[in-house]
Amino acid sequence: MSQSNHLSTVHVGRGSTDKSYTGVAIALLIMGLWAINLTLGLRLNLSQMPVLMIGIMFLVQGFLYTGLFITAHDSMHRSLFPQSPKWNDRIGAIAVFLYLFFPYQKLVKKHWLHHRYPASEHDPDFHDGRHKHPVFWYINFLKRYFGWEQVLGIAIFYYSMRDLLHVPEDNLLMFWILPSILSSLQLFYFGTFLPHRELPEGYGSSHRARSNNLTPFWSFISCYHFGYHEEHHECPAVPWWQLPRLRKMR
């Protein structure tokens, strides 16, 4: 057995006897920071704030949005809270609801199709076979995941915040709408396009995925180690924060 498979086996094998709450603690930290930064951003008087401070808060919010999705992603693989499948799924459902009102169970089904048929016509994350350019691939990617639930949720939240709580539209745009778009681009580019695009020499493994060569620090900054994608496909039960260790062991 390879070292990478050994690590995955150890992680899964502990199952309900695993008393570590690291994954839950990280998930709650990400969700808490997301809520705090969003609340502060919506309450700011933008005309009195330095542009640099607004820009930093915007980028941080986008990064935390990505963290919400990565949290849900670990939940889909039952690696967030393996000793309690019920709470594992509840936390994941909360994370994708906060992200943009996504239905958790639908995402689970689509994500497992991605792992079963990576970079193929049956993969909901892949391009349509004709429009391979990253811009068209991204648009197709959004169309497969964005539905009426998101439109309704966005409308209810937006008009409630604007008309009932009198949050300025500029604040909603800067700290709620645009950061989620930035996050979707980050997830697509580092977690779908770069790992699964087909190069002239083709794919080197059955997972049809490759990893980037970023250091652990920049890998985290880029997309919570989602760029270590070949390792993730080999050992999907390993949580995101353990992927650098897994990559080092290969």
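A: Let's start where helix H6 (residues 134-145) meets helix H8 (residues 169-196): their axes come within 11 Å and cross at roughly 115 degrees. Keep in mind that this is a predicted model, in which local features need pLDDT of at least 70, side-chain atom pairs count only at pLDDT 80 or more, and totals for chains, interfaces and linings use all residues. Residues are numbered from 1 along each chain as its sequence is written, and side-chain values use heavy atoms, with hydrogens and water left out.

Helices (H or I, at least four residues) and strands (E, at least two) are DSSP runs numbered from the N terminus. An axis is a line fitted to C-alpha atoms, for helices over the stretch in contact, and angles run from 0 to 180 degrees between N-to-C directions.

H6 and H8 are therefore roughly perpendicular to each other (under 35 degrees counts as roughly parallel, over 145 as roughly antiparallel, 65 to 115 as roughly perpendicular and the rest as oblique). On the H6 side, Pro134, Trp137, Tyr138 and Phe141 are in contact (heavy atoms within 4.5 Å) with H8 residues including Phe188, Thr192 and His196. By class, this contact has 8 nonpolar, 3 polar and no charged residues (Ala, Val, Leu, Ile, Met, Phe, Trp, Tyr, Cys and Pro count as nonpolar, Asp, Glu, Lys and Arg as charged, and the others, Gly among them, as polar).

H8 also packs against H3, at an angle of about 55 degrees and with the axes 8 Å apart. That makes H3 oblique to H8. This crossing is right-handed. Among the residues that meet are Ile54, Met57 and Phe58 in H3, and Met174, Phe175 and Trp176 in H8. The residues of this contact divide into 15 nonpolar, 6 polar and no charged.

Elsewhere in H3, Thr71 is buried, with a relative accessible area of 2% (buried means under 20%, exposed over 50%, partly exposed in between, with a 1.4 Å probe and protein chains only). Leaving aside neighbours within four places in sequence, Thr71 touches Ala27, Ile30, Leu80, Ile91 and Ala95.

H3 (51-76) and H8 are also part of what covers the buried residues of H9. In H9 (residues 216-223), those residues are Ser219, Ser222 and Cys223. Seen down the axis, they fall within an arc of 65 degrees, so they line one face of the helix; the arc is that of the directions from the helix axis to the C-beta atoms.

Finally, look at the loops on either side of H8. Between H8 and H9 lies Arg208, partly exposed at 29%. Setting aside residues up to four places away in sequence, Arg208 touches Pro118, Ala119, Pro195, His196 and Tyr203. His196 also belongs to the H8 side of the contact with H6.

Notes
Left-handed = near helix turned anticlockwise from the far one by under 90°.
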